[in-house]
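The following exercises ask the reader to work through a protein model step by step. Please examine the sequence and the structure before reading each solution.

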Amino acid sequence: MSGWIKGEFHGVEENLQRVRERVRLAAARSGREPRQIKIIAVTKGVEVPRVREVVQQGITDLGENRVQEMTGKITALPPDINWHMIGHLQTNKVKYVVGRVALIHSLDRWSLAEEINRRAVKVGVAVGVLVQVNTSGERTKQGLTPGELPDFLTALRDLPRITVHGLMTIAPYARNPEEVRPYFRELRLLAAKHKLKHLSMGMTNDYEVAVEEGADMLRLGTAIFGTRDIKK
């Protein structure tokens, strides 16, 4: 069984040590190496000085949900950070993201794919993406259904500037993280079926289960930064 963290904050350094230890243990339970698993610190609602603290602790991958917040932090932080766009992306915001992020985790519809490709052609870059799949079927979640995925992946081959690296999902919140294991497992099986390498799944409440089910990218905000005001 796996434990879970709810808004504990003992300083960035100590919280990050806890996370790394729990990732190590979860990886060991599933016969994996911790170095296979990337921790993406989600900086939504976190002030730049505290983001710098996590960078000083060796985190080089940062994730943002909001384009405006991300672009401000890109200019304020070291240039060698790998930025991940992890939130719902509006097509009119694509121009602020393409060429500036290492990976877009939330490709969830065809119109977005077309706009990413169009913008990538315009600025002469390739764009790495993960396709978001709604494995839980929740109406409040974005993403393709598992049944829509095969045709979507096939269609993406016609957009030459987009490279699909894997899949992403967001599990429902559950007090017992074991309850969301089936949703992570389904994403792993879908990725294997379509020969996709990377799995972005697992947040503060459920990342240990996600690691056990094969996640190699964890999106962690509260586990590292504690509870924060995300309405700013």
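**Exercise 1. Determine which residues arginine 219 touches, and describe its surroundings.**

*Solution.* The model under study is a predicted one.

Step 1. Leaving aside residues up to four places away in sequence, arginine 219 touches Ile40, Val42, Ile86, His105, Met168, Thr169, Ile170, Ser200, Met201, Gly202, Met203 and Thr204.

Step 2. Arginine 219 itself lies in strand S8, which comprises residues 217–220.

Step 3. Next, look for a charged partner. A salt bridge requires a side-chain nitrogen of Lys or Arg within 4 Å of a carboxyl oxygen of Asp or Glu. The nearest side chain of opposite charge, that of aspartate 206, is 7.1 Å away. Arginine 219 is thus buried without a salt bridge.

Step 4. The side chain of arginine 219 reaches the backbone oxygen of threonine 169 at 3.0 Å. The side chains of arginine 219 and serine 200 are joined by a polar contact of 2.7 Å.

**Exercise 2. Is valine 164 buried, partly exposed or exposed?**

*Solution.* 

Step 1. Locate the residue: valine 164 belongs to strand S6, residues 162–168.

Step 2. Its relative accessible area is 23%. Buried means under 20% and exposed means over 50%, so valine 164 is partly exposed.

Step 3. Residues touched by valine 164, not counting those up to four places away in sequence, are Val129, Val131, Leu153, Leu156 and Leu196.

**Exercise 3. How does the radius of gyration of the protein chain agree with that of a compact globule?**

*Solution.* 

Step 1. For 232 residues, a compact globule would have a radius of gyration near 17 Å. The protein chain has 17 Å, which agrees.

Step 2. The C-alpha trace spans about 45 × 40 × 30 Å along its principal axes.

Step 3. Of the 232 residues, 51% are buried.

Definitions and conventions:
Residues are numbered from 1 along each chain as its sequence is written. This is a predicted model: local features need pLDDT of at least 70, side-chain atom pairs count only at pLDDT 80 or more; totals for chains, interfaces and linings use all residues. Side-chain values use heavy atoms; hydrogens and water are left out. Helices (H or I, at least four residues) and strands (E, at least two) are DSSP runs, numbered from the N terminus. Buried means under 20% relative accessible area, exposed over 50%, partly exposed in between (1.4 Å probe, protein chains only). Lys and Arg count as positive and Asp and Glu as negative; His and the chain ends are not counted. A polar contact is a pair of N or O atoms within 3.5 Å; within protein, one must be able to donate a hydrogen and the other to accept it, and residues adjacent in sequence count only if both atoms are side-chain atoms. Contact means heavy atoms within 4.5 Å. The radius of gyration is taken over C-alpha atoms; the globule rule is 2.2 Å times the number of residues to the power 0.38.
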